[in-house]
Amino acid sequence: MEFDFSAILLGLTALFGVVWGLDRLFFYKKRKARLDAAGDEYRDPAPVDWARSLFPVVLVVLLLRSFVAEPFRIPSGSMMPTLDVGDFILVNKFAYGLRLPAFNNKFVDLGEPKRGDVVVFRFPGYLCEDGGKLVRSGDLSCNDPHAPVPQQNWIKRVIGLPGDSIEVHGADLRVNGQPVATDEVGPYLGNPQRSVDQIMLNMGATVLTEHLPREDGSTVNHTIARMPAYNDPLSIPSDHVPSKVPAGCYLVMGDNRNDSLDSRWWGCMPEKNLAGKAFLIWMSWKGWGTGGVDFSRIGTVIH
């Protein structure tokens with residue numbers, strides 16, 4: 001069962017606000033007058049007292065998470081080595097505009113993603129054919145094109161902007177016809193006791209610095225990992241993913257290039273699915289007996 005914490009917060013805020021507001025409008029004065037006449041000390045009924053106490057707390061949490069910053073935990077290795085499993089990150093919720101909590105409809109436009117940004121978004125679903133049409137499905141194999149798409153937040157790096165021409169063939173990435181340069185750093189070094197590290201070590205993963213060009217002429221220098229022995233990722237363009245990025249969409253990829261389900265598999269990420277821009281690692285937990293708290297990663301700015 002999946003829980004949308006923003007929807008839960010919104011529901012609780014509405015519930016507590018309605019209970020408290022209705023009581024003050026219709027019942028408070030009569031109840032207070034009755035108790036004053038009887039000489040009794042005034043006290044709100046328990047449900048009203050709870051609503052009055054919790055409403056401002058829940059409202060503040062909702063506003064901060066919806067419009068300022070929201071915490072997320074990295075559950076998989078698709079963004080390694082930039083983001084590790086167990087990293088706790090903060091996501092800027094106003095970088096790309098203000099959106100209604102739970103519904104995610106933008107009502108204030110404050111900016112758009114740039115090439116190289118690390119973004120959090122609602123997973124749009126896999127592209128599957130159904131009666132000659134492409135539909136979004138929650139089934140990777142597309143055996144059930146109508147499988148519901150899970151309400152999950154994913155994190156990837158923006159590679160292609162609307163209107164860009166993107167080509168991906170194995171390790172070769174081209175943006176608008178220009179190859180993206182990389183410099184090899186060396187073999188991936190990790191803890192073999194951690195399963196996610198063990199896979200990369202066994203597959204002979206290599207760490208590189210990728211120099212991703214931005215539209216203003218600057219470059220985002222960030223680390224990626226490659227392990228060709230692990231799999232042969234899909235290419236762009238493909239039958240379902242064109243080279244030119246459609247309007248209102250972004251192509252995204254994980255930094256762990258051979259172990260990331262990204263736009264190579266499910267196409268572009270619609271702008272309406274954006275949740276925010278990842279900007280800081282505030283905590284990193286490697287697990288009991290496999291590193292514990294990694295203090296070296298705390299406070300790392302995400303590039």
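These are my notebook entries on a few local features of this structure.

**Ground rules.** I am working with a predicted model, where local features need pLDDT of at least 70, side-chain atom pairs count only at pLDDT 80 or more, and totals for chains, interfaces and linings use all residues. Residues are numbered from 1 along each chain as its sequence is written, and side-chain values use heavy atoms, with hydrogens and water left out.

**Entry 1: a surface patch.** I looked up a nonpolar surface patch and found V18, L22, L25, F26 and F27. Together they make about 540 Å². Patch residues have over 30% relative accessible area and no salt bridge; nonpolar side chains (Val, Leu, Ile, Met, Phe, Trp, Tyr) are joined within 5 Å, like charges within 9 Å. A salt bridge here is a side-chain nitrogen of Lys or Arg within 4 Å of a carboxyl oxygen of Asp or Glu. Areas come from the Shrake-Rupley method with a 1.4 Å probe, and for residues only the protein chains shown count as cover.

I then checked L25. It sits in helix α1, residues 5–38. L25 counts as exposed because its relative accessibility is 67%; exposed is over 50%, buried is under 20%, and partly exposed lies in between. Helices (H or I, at least four residues) and strands (E, at least two) are DSSP runs, numbered from the N terminus.

**Entry 2: helix α2.** I took residues 46–67 next. This helix has 22 residues and spans 31 Å from first C-alpha to last, close to the expected 32 Å. The expected span is 1.5 Å times one less than the number of residues.

Where does α2 kink? I found a kink of about 35° at L54, shortly before the proline P56. The bend is the angle between axes fitted to the seven residues ending at a residue and the seven starting there.

I listed the buried residues of α2 as V48, A51, F55, V58, L62, R65 and S66. They pack against α1, β1 (69–73) and β3 (98–99), with contact meaning heavy atoms within 4.5 Å. An α-helix has 3.6 residues a turn, so residues three or four places apart point the same way.

**Entry 3: backbone exceptions.** Most residues other than glycine have a negative phi, and most peptide bonds are trans. I noted a cis bond from M80 to P81, with omega near 5°. P81 lies in the loop between β1 and β2 (87–92). The bond from I236 to P237 is cis, with omega near 5°. P237 is in the loop between β14 (219–226) and β15 (249–253).

For positive phi, I noted A102, near 75°, and N104, near 65°. A102 is in the loop between β3 and β4 (106–108), and N104 is in the loop between β3 and β4.

Methods: Buried < 20%, exposed > 50% of the residue type's maximum accessible area, 1.4 Å probe, protein only.
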